[in-house]
Amino acid sequence: MPDSPQFAAPAEHYDRFMGRYTPPLAAALADAAGVREGQHALDVGCGPGGLTAELVARTGAERVAAVDPAAQFVAACAARNPGVDAREGTAEHLPWDDGTFDAALACLVIGFMADPDQGVREMARVTRPGGTVALCMWDIQTGGMTMLRTFWTAVRAVRPDSAGEDRRAGTWEGDIADRLERAGLTEVTGGTLTVSADYADFDDFWQPFTLAVGPAGVALAGLDADEQTAVREGCRAQLPDGPFSLDARAWYARGTVA
Ligand SMILES: C[S@@+](CC[C@H](N)C(=O)[O-])C[C@H]1O[C@@H](n2cnc3c(N)ncnc32)[C@H](O)[C@@H]1O
């Protein structure tokens, strides 16, 4: 079962909301982690399997595993990536033995872990000595993820006390690297990964927010009809009319298992 209503949506709804950013971000994270042919790799918090597909392309389905607490995402990940060892579970309690993988990656997940430090320790535990742990999360605090900055700016015009997402782990500079170091990883490095997504028009941007996916979609569903209209128009006022492309910056860090 999903661990929270934020990720109870069907895989296709996730695809339209955040999943359109996943392919380029997954490729950038896999590059940063140095995932290559012959390695055994784990996708933690796989969602419907966007990063999993990138790992499969690099090393083959028989060497890739994936895990997520949301059953419908695990099913979609398995269907989209035949041959992958896809399981239900959480980062904090990974269902694999010590040293199983050459690399463990988590794309846009650390901010949703109940205990991010425990999740990072578990990723290190299931990775062999000398292997790599790498994670990324959107830059929320300095507004580098344009789609979410646009939305939360409009929400705060209606609800100035809204917490938004800027207290989630990994959303500020250096936080992921600090956690990797606390977990005992060595040679920790990090930086930013910037990708973009294309939108046909404003409706293509707005409609996915109405599908109750992730913290933004759940927050929107909690507003009354007038507030939702105000948020929609607040977003529209920040965006161009026609087709547009939005940049999205993520913080990432990688480390080596001692
Ligand atoms: C923003 S989505 C990212 C999905 C996918 N990695 C991607 O980049 O498209 C966050 C994912 O984290 C999962 N998740 C939430 N809590 C988790 C936990 N404690 N351990 C592992 N995954 C978790 C959610 O079910 C969801 O699939």
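## Helix H6 against helix H10

H6 passes H10 in a right-handed crossing; a crossing counts as right-handed if the near helix is turned clockwise from the far one by less than a right angle, and left-handed if anticlockwise. This is a predicted model, in which local features need pLDDT of at least 70 and side-chain atom pairs count only at pLDDT 80 or more, while totals for chains, interfaces and linings use all residues. Residues are numbered from 1 along each chain as its sequence is written. Helices (H or I, at least four residues) and strands (E, at least two) are DSSP runs, numbered from the N terminus.

Two packed helices are described by the angle between their axes and the distance between the axes. For H6 (146-158) and H10 (residues 225-236), the axes cross at roughly 135° and come within 8 Å. Axes are lines fitted to C-alpha atoms, for helices over the stretch in contact, and angles run from 0 to 180 degrees between N-to-C directions. H6 and H10 are therefore oblique to each other; angles under 35 degrees count as roughly parallel, over 145 as roughly antiparallel, 65 to 115 as roughly perpendicular and the rest as oblique.

On the H6 side the contact is made by Thr-150, Phe-151, Ala-154, Val-155, Ala-157 and Val-158, and on the H10 side by Glu-227, Ala-230, Val-231, Gly-234 and Cys-235. Residues are in contact if their C-beta atoms, placed from the backbone, lie within 7 Å. By class, this contact has eight nonpolar, two polar and one charged residues. Nonpolar covers Ala, Val, Leu, Ile, Met, Phe, Trp, Tyr, Cys and Pro; charged covers Asp, Glu, Lys and Arg; the others, Gly among them, are polar.

Ala-154 is in helix H6 and counts as buried because it has 21 C-beta neighbours inside 10 Å. The cut-offs are 20 or more other C-beta atoms within 10 Å for buried, 12 or fewer for exposed, and in between for partly exposed, with C-beta atoms placed from the backbone. Not counting residues up to four places away in sequence, Ala-154 touches Val-231, Gly-234 and Cys-235.

Arg-159 lies in the loop between H6 and H7. With 17 other C-beta atoms within 10 Å, Arg-159 is partly exposed. Its C-alpha is 40 Å from that of Leu-185, at a sequence separation of 26 residues.

In H5 (residues 116-125), the buried residues are Pro-116, Gly-119, Val-120, Glu-122, Met-123 and Ala-124. Their cover includes strands E1 (41-44), E4 (101-107) and E5 (127-138), along with helix H7 (175-182).

H5 and H7 pack at about 60° with axes 9 Å apart. That makes H5 oblique to H7, and the crossing is right-handed. Pro-116, Asp-117 and Val-120 in H5 meet Arg-179, Leu-180 and Arg-182 in H7, a contact of three nonpolar, no polar and three charged residues.

## Helix H2 against helix H3

H2 (residues 22-33) and H3 (residues 50-59) pack at about 50°, their axes 8 Å apart. That makes H2 oblique to H3, in a right-handed crossing. H2 contributes Thr-22, Pro-23, Ala-26, Ala-27, Leu-29 and Ala-30, and H3 contributes Gly-50, Leu-51, Glu-54, Leu-55 and Arg-58. The contact has seven nonpolar, two polar and two charged residues.

## Ligand shell

Around the ligand are 24 residues, of which Phe-7, Gly-45, Gly-47, Ala-91 and Cys-107 come nearest. A residue is near a molecule or strand if its C-beta atom, placed from the backbone, lies within 6 Å of it. The shell divides into 15 nonpolar, six polar and three charged residues.

Notes. Contact = placed C-beta atoms within 7 Å.
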